[in-house]
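Biologist: Could you take me through how the helices and strands are arranged here, and on what grounds each term is used?

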Amino acid sequence: MSLGLLIPGQGTQHPAMLPWLLHTEVPDPTLDRLAKALGTDWRTRLDDPRWATRNAVAQPLITGLALALWARLRADLPAPTAVAGYSVGEVAAFSIAGVFDADTALDLAQARAQAMDDAAARHPAGGLLAVRDLAAEALAPVLQRHGLAVAIRLGSQRHIVGGTATALTAAERELVADGVSCTRLGVQIASHTPMLADAVSALAAVVETRPFSMPRTALVCNATGEVVRRPATLRDAFARQVAQTVPWDRCMEALAERGVQCVLELGPGTTLSKMWNAQFPAIAARSADEFTSPEAVIAWVRQQIARATAQ
């Protein structure tokens, strides 16, 4: 039995997400910690996008939700063969893989958000732009003209680019005029670009004070697109990814190379599972957010693994 886990990044949170997660008679220490960090009314406050999209809210929220989901499901599912987190999703991925505990994960999510906000404050307002159906070779001169950088590589013709808001507007205008599909993302900083270089040293200083253990399962890192095991290398990768291109297409390939038979997205939204299904249609993937109960999630995973094993 071989299960792969994907942890989404911020921007996937929404008010109606995962309603069954809070309906339990057993107290969840991760959700309790999340309530202390964000307030007990955090779910109702998700209706306010200005509050919900703040790094200080979104990053611990995504981390806490993923960890609470796995705590609810793990007793009835096989141990994951491989785990990968997208952007801030990497914090929960490290914890699920056994690098550090849930309390440390929430502390690091808050520290990551603070380091990124502090670094972004030293530059003009920034953001991210999704660009589809354009090869990297054709995109490169546009980025150079406008002083932008690739933040996340989703595929050979799908990229998320980052930089100042002014530069993004100019580049978007040029690309759209040439018939290229672009979507401005609802974030206010240029994550995973050199604009956040100052956040790397700040975050590195924090992780040096936290214990990092050898992962219990294959952990694919955003900074490398490869499985990383040594704690020292994991610390470095954890800090560096906030200011460099994330090769997410390669991260998914690395997960697939571990022979996973089924993939579960642990978090709100369906962004990562849809990407996975487009790239690896023979390996079923769904998000926990698509189900109405933990029992339904567990039943689906077991069914997919049994079907793959029988083939």
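Predicted model: local features only at pLDDT ≥ 70, side-chain atom pairs only at ≥ 80, totals over all residues.

Modeller: Residues are numbered from 1 along each chain as its sequence is written, and side-chain values use heavy atoms, with hydrogens and water left out.

Biologist: Why are α6 and α9 called roughly antiparallel?

Modeller: The axes of α6 (residues 102–120) and α9 (residues 197–207) cross at roughly 155°, and angles over 145 degrees count as roughly antiparallel, so α6 and α9 are roughly antiparallel to each other.

Biologist: What makes up the contact of α6 with α9, by class?

Modeller: There are 10 nonpolar, no polar and two charged residues, where Ala, Val, Leu, Ile, Met, Phe, Trp, Tyr, Cys and Pro count as nonpolar, Asp, Glu, Lys and Arg as charged, and the others, Gly among them, as polar.

Biologist: And why is α1 described as roughly antiparallel to α4?

Modeller: Helix α1 (residues 29–38) packs against α4 (residues 55–73) at an angle of about 170°, with the axes 9 Å apart, and that angle makes α1 roughly antiparallel to α4.

Biologist: Which strands are the edge strands of the sheet, and what makes them so?

Modeller: Four strands form an open, antiparallel sheet in the order β4-β5-β3-β6, and β4 (149–155) and β6 (181–184) are its edge strands, as each pairs on one side only. Two strands pair if DSSP finds at least two bridges between them, and β3 (residues 126–132) pairs with β6 over four bridges.

Conventions. Axes fitted to C-alpha atoms, helices over the stretch in contact; angles between N-to-C directions. Helix = DSSP H or I, 4+ residues; strand = E, 2+ residues; numbered from the N terminus. Parallel < 35°, antiparallel > 145°, perpendicular 65-115°, else oblique.
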